[in-house]
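Trainee: Could you help me learn how to read a few features of this structure, one at a time?

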Amino acid sequence: MKKSALQKARAAYQPKLPYALKGSVVAVEGNPTQSVADQEEIKHLFPNTYGLPEITFEKNPNPTVGKPINVGVILSGGQAPGGHNVISGLFDGIKKIHRDSKLYGFLMGPGGLVDHNYVELTAPIIDEYRNTGGFDIIGSGRTKLEKVEQFDKGLEILKDLNIKALVIIGGDDSNTNAAVLAEYYKKIGAGVQVIGVPKTIDGDLKNSLIETSFGFDTATKVYSEVIGNIQRDCNSSKKYWHFIKLMGRSASHIALECALQTQPNVCLISEEVEANNQTLDQIVEYIAGVVARRAEDGNNFGTVLVPEGLIEFIPAMKRLIAELNDILAANATQFASLSPAEQREYIIKNLTPENSAAYASLPEGVARQLTLDRDPHGNVQVSLIETEKLLSEMVGRKLAKMKEEGKYKGKFATMHHFFGYEGRCAAPSNFDADYCYALGYNASCLINSGVTGYMSSVRNLVKPAVQWVSGGIPITMMMNMERRNGELKPVIQKALVDLDGKPFKKFAAQRGQWAVETCYIYPGPIQYFGPAEVCDQPTLTLQYEKLDK
């Protein structure tokens, strides 16, 4: 296979490991844990894996000879830069335990485990994928592991291949599945450990011991480069307002990080919208106000960053979507049999009066998008809702009215963008290459320690990689009860943007100036080679959270 010059150069990159992982390690147990909420319910559902202690790895003064171990690995959910390095680190880790250890990759996500589709990942295969983006080494999928029949079917192939541990690389839902699988295998005495690895570019899988999910660093740097390019373009032509939607269904971490890196004129933060109980009209009025104020200085151009999941955070819309989810979950077959016009009337008729009025007031296209097929978890697919176009259209109408009233004299021409897939499979930054390799290698140490139901944890990430702290936390520690497909289920709690946190406060303190003035930063592309202060820096979000900046 032909390779680019960058691919060849990146293949030679040697990811940096935390000092504690260089050599034999010993697991040091910390305090017992409990779930972030709904402790009694979670404890009842996970009696065999609840309350386990935190684990930290330290140098082992009395190393022992390891035994061969067969491990399975699954890439689950959407792609994120660095997944291949997680697998590379895992491979190197189990080979360090014993050279006869084997790694099997299940193809196309969790479905590969259930359907017994796999490949043995050998050194030549692994070496082809080191420091590369994508999940194409084994593919990924969104099959949910939640039924006993699936667990038992998967166990058949695990036993056939003598696999003693399974590593699931995924986001909050995938790691919830890992916790359920670990509990079941522990309950029946299957003799299979299950370890999770925190992956999502959305940045919403984190806590004090999971400081960031992998892929967030690379993806936000890719998006920020393109946003910077657009800002330089609109500052050159001075005639367009660019409405840019960014990935982040359930949290605004990507939008906030990109705003900190590029300093746009407007960046909406979904969590703030919800906290302030803002309406759609109020959001439109705010953006229109910024457009009008800039027009007074002759600046008929600008950038607006919009989180993908914004519409679900507008309280009135959130209530509407929640009821829509329940109605569509309970009446899916009947709803699918109706024509589009009949579907609209069906929804209006079956909603509560408040939500019915809100739904009826929406443009038909947006209303239609709210009733499209749900994702595997029963949620509206917000990436299909063209929020950026909805906002620009409504801002245009508001400005036209202001012009009639003599309150606005500018010009308003728009361009629309949605940055999502562009960042999911980028070649990982040095930070993500190092972090992911460490997460995978660390997972091998968790396996060697004999634990199950744990998530690989590498922290102290604002320091040089050699100073990172490695270990594991019980996945149940991150869980609470949430409504999914009309039922309460245990899931990992999503980490939202903290409105009292340093990253948001840093943004909030400067956005007024950014709105009126043209303060754009042009970050440029990811730098893979050069000084550490250019190439190895973590996200601004991490720096503001962990450093006194």
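Trainee: Where is glycine 450 found?

Mentor: Helices (H or I, at least four residues) and strands (E, at least two) are DSSP runs, numbered from the N terminus. Glycine 450 sits in the loop between α20 (430-448) and β12 (454-459). This is a predicted model, in which local features need pLDDT of at least 70 and side-chain atom pairs count only at pLDDT 80 or more, while totals for chains, interfaces and linings use all residues. Residues are numbered from 1 along each chain as its sequence is written, and side-chain values use heavy atoms, with hydrogens and water left out.

Trainee: Is glycine 450 buried or exposed?

Mentor: Buried means under 20% relative accessible area, exposed over 50%, and partly exposed in between (1.4 Å probe, protein chains only). Glycine 450 has a relative accessible area of 51%, so it is exposed.

Trainee: And is threonine 303 buried or exposed?

Mentor: Threonine 303, which belongs to strand β10 (residues 302-307), is buried because its relative accessible area is 0%.

Trainee: Which side chain forms a polar contact with that of threonine 303?

Mentor: A polar contact is a pair of N or O atoms within 3.5 Å; within protein, one must be able to donate a hydrogen and the other to accept it, and residues adjacent in sequence count only if both atoms are side-chain atoms. The side chain of threonine 303 is joined in this way to that of glutamine 231, at 3.0 Å.
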